[in-house]
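Visitor: Please show me the structure, and let us go through the terms used to describe it.

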Amino acid sequence: MSDFRLKVFQSVAKNLSFTKASQELFVSQPAITKHIQELESTYQARLFDRQGSKISLTEAGKLLLEHCGRILEDYKRLEYEMHLLHNEYTGELRLGASTTIVQYVLPPLLASFIKKFPQVNLSLMNGNSREIEAALQEHRIDLGLVEGVFRLPNLKYTTFLEDELVAVTRTGSKLQVGEEITPEELLHIPLVLRERGSGTLDVFEKALQQHNIKLSSLQVLMYLGSTESIKLFLEHTDCMGIVSIRSITRELYAGQLRVIEIKDMVMLRDFSFAQPQGQESGLSQVFMQFAAHHNHKL
């Protein structure tokens with residue numbers, strides 16, 4: 001039921017491109033132009049300024065964009081609640097999840113969810129925790145699944161799973177480290193870590209602060225964009241990585257990696273759902289409840 005013209009406008013405004021909106025919505029560019037012209041005719045105002053090949057929002061366009069997200073969200077909630085009257089779940093749910101959650105937590109949950117709710121159109125965006133939070137604020141996704149310790153005041157966080165970070169090296173590494181080290185010994189050990197903005201690095205940095213150690217004082221060989229790339233790096237390098245214990249189950253069982261205890265250094269974190277405050281969608285709630293019910297399987 002939602003006004004498709006508003007979806008078109010939102011896409012053009014977000015991309016500042018008629019071409020990209022056409023590609024995103026799978027609609028011809030002339031049709032995109034026609035929808036924008038109809039909106040401009042309805043409101044008797046130009047929504048975009050055109051300067052050569054570039055466009056920008058007018059004041060009227062900025063005002064419409066400000067209301068557009070809320071209107072489309074209300075349409076989505078109405079559609080959800082109407083189908084709920086008939087015990088049907090249908091509509092679109094745009095998820096965003098941090099890399100660790102996408103790789104090691106979500107696959108079995110998504111498979112079960114799709115099987116139970118085949119009428120729900122599910123999409124998934126992958127990025128680090130800061131990128132997922134940015135996508136929520138820009139209304140590009142409905143529900144985020146993030147890791148780490150930092151919280152933004154305009155987002156609502158709900159914990160759904162606990163995780164632990166551990167220090168690992170490859171079995172047979174030439175590093176001269178025993179089964180346990182002190183936090184201070186980290187200063188002299190070459191490390192491979194997740195990139196800035198990742199929840200994994202957030203937790204590690206906060207744990208270091210508890211021992212008055214700065215991240216900048218460590219010997220970091222590489223910052224990498226995923227846990228899988230860290231594990232591959234460790235296979236060929238004599239260094240230490242910091243990863244989720246959930247990510248190395250197979251490698252520990254196969255004897256490829258070993259865990260090094262860091263004395264008195266706790267690296268626990270929560271995996272949390274994140275939503276814009278006061279804008280929780282119906283399908284988001286369904287997914288959260290479904291995840292809580294299947295928590296023991298994650």
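Guide: Contact means heavy atoms within 4.5 Å. This is a predicted model, in which local features need pLDDT of at least 70, side-chain atom pairs count only at pLDDT 80 or more, and totals for chains, interfaces and linings use all residues. Residues are numbered from 1 along each chain as its sequence is written, and side-chain values use heavy atoms, leaving out hydrogens and water.

Visitor: What makes α7 a helix, and which of its residues are buried?

Guide: Helices (H or I, at least four residues) and strands (E, at least two) are DSSP runs, numbered from the N terminus; α7 covers residues 129-137. Ser129, Ile132, Glu133, Ala135 and Leu136 are its buried residues, buried being under 20% relative accessible area with a 1.4 Å probe and protein chains only.

Visitor: Why are the buried residues of α7 said to line one face of the helix?

Guide: Viewed down the axis of α7, they fall within an arc of 160°, so they line one face. The arc is taken from the directions from the helix axis to the C-beta atoms.

Visitor: Against which elements do the buried residues of α7 pack?

Guide: They pack against β3, β4 (120-127), β5, β6, α8 (199-209) and β12.

Visitor: What makes the approach of Asn128 to Arg130 a polar contact?

Guide: A polar contact is a pair of N or O atoms within 3.5 Å; within protein, one must be able to donate a hydrogen and the other to accept it, and residues adjacent in sequence count only if both atoms are side-chain atoms. At the start of α7, a side-chain oxygen of Asn128 lies within 3.1 Å of the backbone nitrogen of Arg130, so the pair meets the definition.

Visitor: Which residue just after α7 takes a positive phi?

Guide: His139 does, at about 60°.

Note on methods: Buried < 20%, exposed > 50% of the residue type's maximum accessible area, 1.4 Å probe, protein only.
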